[in-house]
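Every answer sets a value against its rule.

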Amino acid sequence: MNRPEREAAARRIMEKVPPPVPPELYAAVVRRGSRMLRRRTAARRLMWLLLFAAAVAFTVWALTVRPWVEPPSQTTPPITGW
């Protein structure tokens, strides 16, 4: 199929009248969509909560352990009595 034939076929498909949708399908679609939105919102809130908890845990760990401070040397004793 060359390009003009594909374009003509696409135009024919787009010019057709869409099939009618059963009326009982609307309620099911709305119910399913609202359920998906609720789940997505809950998942987003849970992810933000986990991110916040991880940030707080990291901050508390960093303040207590202080990894940026060099540990004291344990290999040589302090020099006294010079």
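Q: Why is E7 called partly exposed?
A: E7 has a relative accessibility of 31%. Buried means under 20% relative accessible area and exposed means over 50%, with partly exposed in between (1.4 Å probe, protein chains only). The value for E7 falls in between, so E7 counts as partly exposed.

Q: What should I know about the model itself?
A: It is predicted: local features need pLDDT of at least 70, side-chain atom pairs count only at pLDDT 80 or more, and totals for chains, interfaces and linings use all residues. Residues are numbered from 1 along each chain as its sequence is written, and side-chain values use heavy atoms, leaving out hydrogens and water.

Q: What makes the contact of E7 and R3 a salt bridge?
A: Their closest N and O atoms are 3.0 Å apart. A salt bridge needs a side-chain nitrogen of Lys or Arg within 4 Å of a carboxyl oxygen of Asp or Glu. A search of the whole structure finds one salt bridge. E7 and R3 both lie in helix 1, four residues apart, about one turn of the helix.

Q: Is R3 buried or exposed?
A: R3 has 57% relative accessibility, so it counts as exposed.

Q: How many helices and strands are there, and what makes a run count as one?
A: The protein has two helices and zero strands. Both kinds are DSSP runs, numbered from the N terminus: helices are H or I with at least four residues, strands are E with at least two.

Q: How do you know what span to expect of helix 1?
A: The expected span is 1.5 Å times one less than the number of residues. Helix 1 (residues 3-15) has 13 residues and reaches 18 Å, close to the 18 Å expected. Helix 2 has 43 residues and reaches 64 Å, close to the 63 Å expected.

Q: Why is the pair of F58 and W61 called tilted?
A: By the ring rule, there is one aromatic pair. Its rings, F58 and W61, are 5.8 Å apart centre to centre, with 35 degrees between the planes. Rings of Phe, Tyr and Trp (its six-membered ring) pair if their centres lie within 6.5 Å; planes under 30 degrees apart count as stacked, over 60 as edge-to-face and the rest as tilted. The angle here belongs to the rest, so the pair is tilted. F58 and W61 both lie in helix 2 (residues 23-65), three residues apart.

Q: What follows helix 2?
A: R66 does, and its phi is positive, near 50 degrees. R66 is a residue other than glycine. Its relative accessibility is 45%, so R66 counts as partly exposed.
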